[in-house]
Structure formats: C-alpha cells, structure tokens
Amino acid sequence: MDRFSESAAAVQPAEIIALLRWYQDAGVDEAIGDDPGALGRPRVAAVPSAPVQMAPPQPVQPEPRPSPRPQAAAVLPGSDAATGDARRIAAGCSTLEELAAALAAFDGCGLKATATQMVFADGNPDADIMIVGEAPGAEEDRLGKPFVGQSGKLLDRMLAAIGLDRSTVYISNIVNWRPPGNRQPNAAEIAISLPFIERHIALMQPKILLCAGGTSAAALLATREGITRIHGRWFERAFPDLPAPVPTMPIYHPAFILRQPGMKRDVWRDLLVLKHRMIELGCAFKSDA
Ligand code: URA
C-alpha cells in the first residue's frame, strides 16, 4: 500500500463525523458538484515524504523610509537601528514573561502609537502546537488577545474539528500591535517584529508550528510562494536558539476562509495532515477528544 492509500484507509469514522460537523458549523447545507469520493481524503500525496529543509530566512528588507531626515542618536521606529535593538532585546529575554515585558516597553514599532494595547499571546504556553497569525484586528486590539474576533471564532471551530482548543494550542502573531484600519503590516513593521516572534517561538518550543496565512508564512519561512501553493505542506524551520528545526505548516488564514468558503475542503485536508503529524509526534489533544 502506498503512502496515499495508507492515509486514506486510516481515515476514521470519528474524522468523518468531525468533517460533517465542520461543514455544518461552517454553514454548509448542500452537497453540489464536487466528487464526494474526495471528501475527507487527506492530501498527504502533496506533502513531500522528506521534509523540505528551508534555508535560514533572509532578513526582510525594510521599506524605504519616507522621511530620511537625519535624527542624531534617535532610534526611529522601523529603522535598521530599531531592528538591531529588537534583535538584541529579544535575545536577552529568557522567559515568555520577560519577552512580553520587553515587547511592551519597546518603542521601535510605529504601530504601538496607534494601537490600543499590545497583543502578545493566548492559549497554553506548554502546548505542543503554536499558531502564528499576521497581526491583531479590532477585537484583538480591544481585548488584548489574538484571534478573538470573527476569524478567531472560525479558528476555534477549525481546531475543535481535530480535537484541539486553546488549552492545547498557543497563539500569537507576527506583529503585536494592530495596524490602523486592519491594513496589512508593511515590510518594516514585519522586519522589526521578527526578532520578537522568533524568540517567542524559541522560548515556547512547540513541537509543531502553524503559520496562519500568507503573511505569517512569508515572514517565518522567507518564501515568496503564495499560500495557495504552500498550505498543507511541511517545512523544517530552524531557529538558532533551538536544537532542532520545528516542523512548520502554513494554513489558510481564517479571515481568508471566511471570504472564500469554497476553500473549506482544502482546509479540512490540511487539518487532517496536521492531525496525523500530531499523532506521529505524540502531541497532546483535548482530554475529551
Ligand atoms: N488575524 C490575525 O492574523 N491575528 C489575529 O490575532 C486576529 C486576526
């Protein structure tokens, strides 16, 4: 039996029920058109059998600063000096609490000035799975926690479909302050945030890392490939502070799924690929799952 048939045969009745529940929760009430035989079949054939070894990510180039006025000794938010500061400060933190405090005190990211508050993390810091999104939105900015708005609710349903919840995952974002008007964070904001999220991941030491959305995947995997090409695939992401690379999978961002409900079958496949890898690695699920 090849890898694909083995995995297809391994789909359990509980997974089929979870899939149906997932469709029901997502508001699907009709089956039209698509090959029903394909439902629930994990797309493991698309996952390389040997994990892809990623080159260490290249630093993201900061966007040219609009106002090049020299400011003696001032550390301008988004500047190379601010990014250097971020790297030095993050490297000096040896616990998640220290990192949160250092980030809260850090003035090098211009988004801090317009956001209500910093959004650091939610979930269980001892979980095996860490999910990194893009940036806080309005609800996250208001409540100080990642993924608590509409897309957070969908993320929770996605996790529940494979026996996970916020006691079995840990969630953060590339950028810790809300970009005004929910715009995408720019290259300079990502570059300055990267040392903190890399240290965050290294301190959390997940068994599996999920990049929620193309911005997170591009920042953490230093790839130019779009999310539609790389979702559901495994990458091995090395961190200088960790002894071994972390198996890392990009998934569709829940906000994208809300806009493109036709993606749900792909999402389900990715979730099954994740679940199978979690079982292989002995990761913890919800106790009642
Ligand atoms: N989108 C994200 O990427 N992160 C959040 O925390 C909320 C929405």
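This is a predicted model: local features need pLDDT of at least 70, side-chain atom pairs count only at pLDDT 80 or more; totals for chains, interfaces and linings use all residues.

Residues are numbered from 1 along each chain as its sequence is written, and side-chain values use heavy atoms, with hydrogens and water left out.

The protein chain has 11 helices and 7 strands; these are DSSP runs numbered from the N terminus, H or I of at least four residues for helices and E of at least two for strands. Of its 289 residues, 49% count as buried, meaning under 20% relative accessible area, with exposed being over 50% (1.4 Å probe, protein chains only).

Now α3. Its 12 residues reach 17 Å from first C-alpha to last. Buried here are Ala 82, Thr 83, Ala 86 and Ala 90. Seen down the helix axis, they fall within an arc of 100°, so they line one face of α3; the arc is taken from the directions from the axis to the C-beta atoms. On the face turned away sit the exposed residues Asp 80, Arg 88 and Ala 91.

What covers the buried residues includes α4 and α7.

Take α7, residues 187–204: α3 packs against it at about 10°, axes 8 Å apart. The axes are lines fitted to C-alpha atoms over the stretch in contact, with angles from 0 to 180 degrees between N-to-C directions. The two helices are therefore roughly parallel, the term for angles under 35 degrees. From α7, the contact (heavy atoms within 4.5 Å) includes Ile 192 and Phe 196.

Note on methods. Angles under 35 degrees count as roughly parallel, over 145 as roughly antiparallel, 65 to 115 as roughly perpendicular and the rest as oblique. The expected span of a helix is 1.5 Å times one less than its number of residues.
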